[in-house]
Amino acid sequence: MGCDRNCGLIAGAVIGAVLAVFGGILMPVGDMLIEKTIKKEAVLEEGTIAFANWVKTGSDVYRQFWIFDVLNPQDVITNSANIKVKQKGPYTYRVRFLAKENVTQDPETHTVSFVQPNSAIFEPSLSVGTENDNFTVLNLAVVAAPHIYQNAFVQTLLNSLIKKSKSEMFQTRTVKELLWGYKDPFLSLVPYPISTTVGVFYPYNNTADGVYKVFNGKDNISNVAIIDTYKGKKSIYAVFSTEIDLKGIPVYRFILPSKAFASPLQNPDNHCFCTEKVISENCTLYGVLDIGKCKEGKPVYISLPHFLHASPEIAEKIEGLNPNEEEHRTYLDIEPITGFTLQFAKRLQVNILVKPAKKIEALKNLKKNYIVPILWLNETATIGDEKAEMFRNKVTGKISLLGTVEMALIGVGVVMFVAFMIAYCACVSKKVK
């Protein structure tokens, strides 16, 4: 009888030890098996869940615009005063709802290339006004003319056309015209074939953005959907900031670092963005990037909204700006196991460089250079509640459940082992007495 009892206690202790060991073994092995299954479906290739959701996103992507209304245009034209602006927005459009096209896999580089059809639908319920709201903004054609045509004789001819069209340094335009295009009266008088339509994002609808090349995750799942190149050039980068909870899903937040807009002296990778030595004070100013080469020579600069993280000298000629880290930074929230971006906010400002031009009357009274903010945009998307629930069930839920099972096995095993060993020792001790 005593032997049977002692054997039972030892058997219980052994079972407890086995459960604890099994739970310990399950931790790395189980995690590896589940992650392997999940990551197989996270690769961007035909037949996976990730590919189907990536080709045509199920989450709504919105692009919000805040327009800078110029409050003192005549004072600027006449006296070269600081420009006073007041932003108004958001004016919201739904974008990126069409499926990607020309999707091509490259097995050697583990990338997939594609173009993204462009289309924008105005969302009145998410906007502060209508597309017909008026703003006083820079005359894009007039201020760009002396940059594109630097010959004095040509500028004299252009000046006559500007005067004939009654164009000035500033103009009144609707939101729709400013964003998507309008027939410019000055350009319409130019006697040789040129595009007479002007707009910050013209042309947009019925065009395609790209070519993008992103990693498909086949060789390294942590790189899935990360942009390798855009139009054949390296993309901008982000750095890790913090870990947050997004609808019950742990994600890593990456932010666009200030170094991305640093001067070439601070970040040599930005040397190609410094083309105006005088404007940039011999490439020492930071916070704006000259993208004129991508815009047919037009004096377009991009920055973070309200010149966040920019040199004070850039913003000192513009009154009414209030940079704010929380409102104006760019970030991506990435689920670390699959590498999926579950939420993002891309925030950029479009600016135009304006310089004095003695041959063009609309600009001849200017005594200083301005980098004038036109608008800033916030392109955002967040995983929907339904997809978040699916993600939790198929990814984080499985890992969480496995973790619970592992800890339960280890806990029960350890308790059983300790309890039965104590009971066995007590029985042996009692028998010896």
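Is valine 70 buried or exposed? Valine 70 counts as buried, because its relative accessibility is 6%. Buried here means under 20% relative accessible area, exposed means over 50%, and partly exposed is in between, with a 1.4 Å probe and protein chains only.

A word on the source. This is a predicted model: local features need pLDDT of at least 70, side-chain atom pairs count only at pLDDT 80 or more, and totals for chains, interfaces and linings use all residues. Residues are numbered from 1 along each chain as its sequence is written, and side-chain values use heavy atoms, with hydrogens and water left out.

Back to valine 70. This residue sits in strand β1, residues 61–70. Helices (H or I, at least four residues) and strands (E, at least two) are DSSP runs, numbered from the N terminus. What does valine 70 touch, beyond its neighbours within four places in sequence? Ile83, Lys84, Val85, Thr136, Val137 and Phe170. Contact means heavy atoms within 4.5 Å.

Now the whole chain. The chain has 9 helices and 20 strands. Of its 433 residues, 45% count as buried. Take the contacts between residues at least 6 apart in sequence: 66% of them join residues at least 24 apart. The accessible surface comes to about 22300 Å², and 59% of that belongs to carbon and sulfur atoms. Areas come from the Shrake-Rupley method with a 1.4 Å probe; for residues, only the protein chains shown count as cover.

Next, the cores. In soluble globular proteins, nonpolar side chains tend to be buried together. A nonpolar core is a set of buried Ala, Val, Leu, Ile, Met, Phe, Trp, Tyr and Cys residues joined through side-chain atoms within 4.5 Å. The largest one here has 68 residues. Met169, Phe186, Val354 and Leu375 have the most contacts inside it. Strand β20, residues 370–382, gives the most to this core: 8 residues. Another core lies apart from it, with 13 residues, among them Ala42, Trp54, Val214 and Ile221.

Look at leucine 375. Leaving out residues up to four places away in sequence, its contacts include Phe65, Trp66, Leu178, Val200 and Leu348.

On to a sheet. Which strands form it, and in what order? The order is β3-β4-β10-β11-β12, an open sheet of 5 strands with antiparallel pairing. Two strands pair if DSSP finds at least two bridges between them. The edges are β3 (101–106) and β12 (233–234), each pairing on one side only.

Go across it. β4 (residues 111–118) and β10 (residues 207–215) pair over 7 bridges. There, threonine 111 stands opposite phenylalanine 215. β10 joins β11 (residues 227–230) through 3 bridges, and tyrosine 212 has tyrosine 230 as its bridge partner. β11 and β12 pair over 2 bridges, with threonine 229 opposite lysine 234. Their hairpin has 2 residues between the strands, and lysine 231 takes a positive phi near 55°.

Last, the surface. Isoleucine 194 lies in the loop between β8 (182–183) and β9 (197–198). Isoleucine 194 is partly exposed, because its relative accessible area is 31%. Together with Ile148, Tyr149 and Tyr192, this residue makes a nonpolar surface patch of about 320 Å². Patch residues have over 30% relative accessible area and no salt bridge; like charges are joined within 9 Å, and nonpolar side chains (Val, Leu, Ile, Met, Phe, Trp, Tyr) within 5 Å. A salt bridge is a side-chain nitrogen of Lys or Arg within 4 Å of a carboxyl oxygen of Asp or Glu.
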